[in-house]
Amino acid sequence: MAESPTLDRTDLRLLTLLQRDGRATNADIAGQVNLSPSACLRRIQRLEATGVIAGYAARVDPKAVGLGLQAFVRVQLEKHDPASVQHFGDGVRGWDEVVACYALTGDMDYLLHVVVQDLEHFSRFLLDRLLNASGVADVNSSFVLRAVKTDAGLPLGYAG
């Protein structure tokens with residue numbers, strides 16, 4: 001990946017608009033940032049080429065596809081040597097139920113965002129996968145009751 005460019009206000013505005021609606025047409029975006037369509041397209045292509053725009057994706061409603069239970073699972077490892085950390089990371093990357101995983105500071109080592117069909121599916125995931133992963137010392141789960149705010153994009157008003 002190339003070095004990230006210096007971002008000006010127009011770049012940040014483009015990114016904000018694309019985070020809100022990645023399917024907006026180039027002409028619509030250009031009009032909102034007061035650029036010609038060709039200048040707008042060049043800027044977006046530069047942001048893509050330098051890795052500032054990491055990709056595009058559709059946000060799918062979990063319930064609409066039968067995934068009605070979400071949980072946040074805090075995991076503590078027994079050991080923190082490079083091999084143990086690598087082994088755990090490799091396992092997590094192979095588990096479809098884990099949609100995000102973050103290494104943390106504090107009393108727990110990882111936070112997993114898990115999305116499954118129901119409590120039975122979560123139980124199978126926990127018992128058959130996570131707790132069977134060698135090196136897991138402790139697990140603490142919290143279930144999502146309702147989403148108050150989901151991924152709204154990065155707060156680009158503070159960037160720069």
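Residues are numbered from 1 along each chain as its sequence is written, and side-chain values use heavy atoms, with hydrogens and water left out. Because the model is predicted, local features need pLDDT of at least 70 and side-chain atom pairs count only at pLDDT 80 or more, while totals for chains, interfaces and linings use all residues.

The elements named below are DSSP runs numbered from the N terminus, with helices (H or I) of at least four residues and strands (E) of at least two. Helix α1 (residues 9–20) packs against helix α3 (residues 37–49) at an angle of about 80 degrees, their axes lying 11 Å apart; axes are lines fitted to C-alpha atoms, for helices over the stretch in contact, and angles run from 0 to 180 degrees between N-to-C directions. That makes α1 roughly perpendicular to α3, a term covering angles of 65 to 115 degrees. From α1, Thr 10, Asp 11, Leu 14, Leu 15 and Leu 18 meet Cys 40, Arg 43, Ile 44, Arg 46 and Leu 47 of α3, where contact means heavy atoms within 4.5 Å.

The open sheet has four strands in the order β2-β3-β1-β4, with antiparallel pairing; two strands pair if DSSP finds at least two bridges between them. The edge strands, β2 (98–103) and β4 (136–143), each pair on one side only, and the twist averages 20 degrees from one strand to the next. Strand β1 (residues 69–77) runs antiparallel to β4 and is joined to it by seven bridges, and Val 75 stands opposite Val 139 in β4. Helix α4 (residues 82–93) lies across β1, β2, β3 (110–116) and β4, running at about 165 degrees to β1.

The largest pocket has a volume of about 1,600 Å³. A pocket is an open set of points on a 1 Å grid over the protein atoms alone, where a 1.4 Å probe fits, with protein on both sides within 12 Å along at least five of seven lines, and lining residues have an atom within 4 Å of a point. Helix α1 gives the most to this lining, with four residues.

How values were computed. Parallel < 35°, antiparallel > 145°, perpendicular 65-115°, else oblique. Points joined across faces, edges and corners; volume = space filled by probe spheres on them.
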